[in-house]
Amino acid sequence: MHRNLPAFVLRATRNIQTSTASLSASFNGVIPTEKIEKRYTLSSGPGGQNVQKNATKVEIRFKVSDADWLSESLRESLETKLAHRINTAGELIIDSDRTRERHLNVADCFDKLRSAIYAIEAEQGKRQTSEEDEKILRENSCPNKPQNVSHIQRAAVATQHRLQDKRRTSEKKASRRAAVEL
């Protein structure tokens, strides 16, 4: 796609992408692959002899503190939420050996990273519910259903609905048989 463009144009667009990503508060989905280290190792998954010959397991890593393509709040949240994936050098490590193809595992790693960033971003943006909100939600959840119905009564109603569905299905099949026999 970018093969026909001169090198200075590619560098300029990358710089623009990273500078806009660091200025904006939200993540735009662009992960600069040149700033992320990729490692390939032998996989332990399916593949027969392919497992011993080809390094298809992929591990991507980058220093979270140096990720200028993320906002400061996202970097801090990544460090806290994904602390179990960060090593002592401060590198976030994501790996994948889901498939037998190296390029699919690379894509899976970047998808995992992108999904984690989106999840953290969504969590940052969501509003904290108050006691009043919870009370309103409880009151308005099912206005027609009485609040103090026991689990035995619910089970009896569920059984009645199941039996009605069975009767309807058997009647439908019986009508099909009657049409075929004529």
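Mentor: Quick definition to start: with a 1.4 Å probe on protein chains only, buried means under 20% relative accessible area, exposed over 50%, and partly exposed in between. This is a predicted model, where local features need pLDDT of at least 70, side-chain atom pairs count only at pLDDT 80 or more, and totals for chains, interfaces and linings use all residues. Residues are numbered from 1 along each chain as its sequence is written, and side-chain values use heavy atoms, leaving out hydrogens and water.

Trainee: OK, how many salt bridges does a search of the whole structure find?

Mentor: Ten, counting a side-chain nitrogen of Lys or Arg within 4 Å of a carboxyl oxygen of Asp or Glu.

Trainee: Which residue does R39 pair with?

Mentor: E37, with the closest N and O atoms 2.8 Å apart. R39 is partly exposed at 36% relative accessibility, and E37 is partly exposed at 34%.

Trainee: And K57, what's its partner?

Mentor: D95, at 3.7 Å between the closest N and O atoms. K57 sits in strand β2 (residues 57–63) and D95 in strand β3 (residues 91–96), so their pairing ties together parts 38 residues apart in sequence. Strands here are DSSP runs of E, at least two residues, and helices are runs of H or I, at least four, numbered from the N terminus.

Trainee: Switching to helices: where are E123 and K81?

Mentor: Those two form a salt bridge, 2.6 Å between the closest N and O atoms. E123 is in helix α4 (residues 102–125) and K81 in helix α3 (residues 72–81), 42 residues apart.

Trainee: Which residues are linked in a network?

Mentor: Salt bridges link E59, R61 and E91 that way.
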